[in-house]
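Reader: I've got a structure open on my screen and I'd like to talk it through. Can you take my questions one at a time?

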Amino acid sequence: MIRRKRPVAGACALLAALTAGLVLPAGAAAGEPTGQDAPKVNLVLDVSGSMRAKDIDGQSRMAAAKQAFNEVLDATPEEVELGIRTLGANYPGDDRKEGCKDTAQLYPVGPLDRTEAKTAVATLVPTGWTPIGPALLKAADDLEGGNGSKRIVLISDGEDTCAPLDPCEVAREIAAKGIGLTIDTLGLVPNVKMSRQLSCIAEATGGTYTSVEHQDELTDRVNELVDRAAEPVVTPVATEGAGSCDKAPTLTSGLYTDREEFGQQRWYRVELLAGQELRASVSVAADRAVRPDHGVLLRAVTVHDREIVRGEATGNGRTDVLSTGLQYPKPERDDDDTDKPAAEVVCLGVTHSFSADSGVKTTPGLPLELTVDVVDGPDGADDVASFGLGRGWWLLGALILTGFLAGLVWGWLSRWRVAVWRTN
C-alpha cells in the first residue's frame with residue numbers, strides 16, 4: 001500500500017501532522033506526554049539602548065514591554081513555571097566583547113511569585129548591546145531538565161549585534177539537541193533585516209514570529225504563547241538514524257526527531273509481529289534557504305533490502321515542511337506456518353532531495369520528525385470479506401436495496417399512468 005500526504009505549510013504544523021491519530025500503548029511510550037513536570041517558559045527581553053525609542057502608542061518601547069509583562073505575569077496560569085532573562089541590560093560601554101556577554105537571568109525559571117517578578121521588571125533601564133545569540137544559549141540552559149514542554153519567548157526591537165555568532169545557527173543547534181524546546185519571537189516596530197532574522201530563529205525550532213506595533217498586541221501575543229505552553233504536547237524523542245539498516249536503532253511506537261544532511265539517507269528498525277500493522281510518517285522541515293523542486297521518500301524494506309511499501313511527496317519551494325507516510329499490515333500466521341518467525345524486522349529508510357543554495361550552511365542537517373505506530377492489524381472477520389470487497393459489501397447491499405425499492409415505485413407509477421390513460 002502506498003500513502004501520500006500533501007505538503008503542509010509552516011514548521012509549526014509539523015507536530016500536528018505527525019501526532020494526529022497517533023495511537024500509543026498504555027504507559028509512557030516514546031514521545032508521549034507523561035504530565036510529570038510543569039511546563040516552563042523563559043521570557044527573553046531585549047533591554048538594549050534602542051528600547052528608549054518612543055514609538056509605541058506614545059511611550060517608549062521599554063515602557064510598553066514593562067506594561068505588557070505586568071499584565072502577562074498577572075494572567076500566567078498557576079501550573080506554568082516562568083522565568084525572565086534579559087539581554088543588553090547591564091553593560092553601557094563600547095567594548096563589543098563585553099557587550100556581547102551582557103545577558104542575565106532577571107527572574108529564575110520556577111514557580112511564579114508575581115510581586116517579586118514585577119519588582120524585578122520595574123528596575124530595567126535600556127542600556128547596551130543586542131546579544132541575541134548568547135542570550136538564546138543561556139535561555140536554553142535555564143530550561144534544562146524535566147520532560148514538560150519548554151518555550152522561549154524572545155522580544156526584541158533589532159537584529160543581533162554580536163556576529164559571527166549567528167542567532168539562526170544557535171537556534172538550529174538548540175533544535176538539534178532534541179530537547180523539545182520551541183522558540184517564539186516577537187519584533188517591536190520591525191524592519192526587514194530584523195524580521196528576517198527573528199523568523200529564521202523561530203522556524204528553526206518550529207516556533208512562530210509575530211510583528212507587533214502596539215502595546216496591547218504585545219500583551220495579547222505573549223499571553224497566548226504562555227497559555228500555549230500549558231497545553232499538553234507530545235515531545236519528540238531524539239534519536240540518531242544510521243547509514244544502513246543493520247546499524248540502525250530499533251524504535252517502538254512514538255514520535256522521534258533527528259537531523260538528516262543533504263544527500264544523506266537515514267535508517268531505522270521496527271519489529272513487527274504477525275497480525276500487527278506498521279503505520280509510519282515522516283516530515284522534513286526546510287529551516288534554511290533551499291532550492292525549489294524537492295522531495296521526501298519513506299521506504300519500508302526487509303533486512304534483505306526487498307522493498308515492501310513506500311510513500312513519497314514532492315514540493316516546489318512554496319512550503320516549509322514536506323511530509324509523507326506509509327502503512328504495512330503483516331498477515332497472521334496460518335496453522336501450517338509455525339516454522340516461520342512470528343516477528344519481522346522492518347527497515348524504515350528516509351531520503352530527501354533538498355539542496356542548499358550557494359553560501360548556505362549544510363550542517364547540522366535538516367530537522368525531521370518520524371512517527372512510528374505499531375497497532376493490531378485489521379480483524380479478518382470484521383474488516384475483510386470474501387471476493388476482496390471488504391466493507392464494500394455494506395455499500396453493495398445498500399445499492400441493491402435502493403434499486404429494489406426504486407423498481408417497485410417506478411412499476412407502481414407506470415401502472416398508474418397506464419390505468420389513467422385507458423380511462424381517458
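Reader: Which hand does the crossing of H2 and H8 have?
Author: This is a predicted model, so read what follows as computed from a prediction. Helix H2 covers residues 61–75 and helix H8 covers residues 215–230, and they pack at an angle of about 35 degrees with their axes 9 Å apart. The hand of the H2 and H8 crossing is right-handed.

Reader: And how do the residues of the contact of H2 with H8 divide into nonpolar, polar and charged?
Author: On the H2 side you have Ala64, Ala65, Gln67, Ala68, Glu71, Val72 and Ala75, which meet Gln215, Leu218, Thr219, Val222, Asn223, Val226 and Asp227 in H8. Asp and Glu count as charged. The residues of this contact divide into eight nonpolar, four polar and two charged.

Reader: Next pair: are H5 and H6 roughly parallel or roughly antiparallel to each other?
Author: The axes of helix H5 (residues 132–142) and helix H6 (residues 167–176) come within 8 Å and cross at roughly 15 degrees. Angles under 35 degrees count as roughly parallel. So H5 and H6 are roughly parallel.

Reader: How many nonpolar, polar and charged residues has the contact of H5 with H6?
Author: The crossing of H5 and H6 is right-handed. H5 brings Ile132, Gly133, Leu136, Leu137 and Ala140 to the contact, and H6 brings Pro167, Val170 and Ile174. Gly is counted among the polar residues. By class, the contact of H5 with H6 has seven nonpolar, one polar and no charged residues.

Reader: What about H6 and H7, roughly parallel or roughly antiparallel?
Author: H6 and helix H7 (residues 192–204) pack at an angle of about 10 degrees, with 8 Å between their axes. The cut-off for roughly parallel is an angle under 35 degrees. H6 and H7 are therefore roughly parallel.

Reader: How many nonpolar, polar and charged residues are in the contact of H6 with H7?
Author: From H6 come Pro167, Cys168, Ala171, Arg172 and Ala175, and from H7 come Gln197, Cys200, Ile201 and Ala204. Arg counts as charged, and Cys as nonpolar. The contact of H6 with H7 has, by class, seven nonpolar, one polar and one charged.

Reader: Let's move to the strands. Is Leu366 buried or exposed?
Author: Leu366 is found in strand S15. Beyond its neighbours within four places in sequence, Leu366 is in contact with Asp258, Arg259, Glu260, Phe262, Val284, Ala285, Ala286, Asp287, Arg288, His352 and Phe354. Its relative accessible area is 0%, so Leu366 is buried.

Reader: How many Å separate the C-alpha atoms of Leu366 and Ala176?
Author: Along the chain, Leu366 and Ala176 are 190 residues apart.

Reader: Then Leu370: buried or exposed?
Author: Leu370 is found in strand S15, residues 366–376. Leu370 and Leu298 are 72 residues apart in sequence, and 10.0 Å apart in space from C-alpha to C-alpha. With a relative accessible area of 1%, Leu370 is buried.

Reader: Is the peptide bond from Thr363 to Pro364 cis or trans?
Author: Pro364 has its place in the loop between strand S14 (343–352) and S15. Omega for the bond from Thr363 to Pro364 is near -5 degrees, and the bond is cis.

Reader: Is Asp293 buried or exposed?
Author: Asp293 has its place in the loop between strand S10 (276–285) and strand S11 (294–301). Its phi is near 60 degrees, a positive value in a residue other than glycine. At 63% relative accessibility, Asp293 counts as exposed.

Reader: And what does Asp57 count as, at 45% relative accessibility?
Author: Asp57 is found in the loop between strand S1 (40–46) and H2. Phi of Asp57 is near 55 degrees, again a positive value in a residue other than glycine. Over 50% would be exposed and under 20% buried. At 45%, Asp57 counts as partly exposed.

Reader: Last one: what pLDDT does the protein average?
Author: Over residues 1–28 pLDDT stays under 50, and over residues 380–388 pLDDT also stays under 50. Across the protein, 83% of the residues score at least 70, and the average pLDDT is 82.

How values were computed: Residues are numbered from 1 along each chain as its sequence is written. This is a predicted model: local features need pLDDT of at least 70, side-chain atom pairs count only at pLDDT 80 or more; totals for chains, interfaces and linings use all residues. Side-chain values use heavy atoms; hydrogens and water are left out. Axes are lines fitted to C-alpha atoms, for helices over the stretch in contact, and angles run from 0 to 180 degrees between N-to-C directions. Helices (H or I, at least four residues) and strands (E, at least two) are DSSP runs, numbered from the N terminus. Angles under 35 degrees count as roughly parallel, over 145 as roughly antiparallel, 65 to 115 as roughly perpendicular and the rest as oblique. A crossing is left-handed if the near helix is turned anticlockwise from the far one by less than a right angle, and right-handed if clockwise. Contact means heavy atoms within 4.5 Å. pLDDT is the predictor's confidence in each residue, from 0 to 100. Buried means under 20% relative accessible area, exposed over 50%, partly exposed in between (1.4 Å probe, protein chains only).
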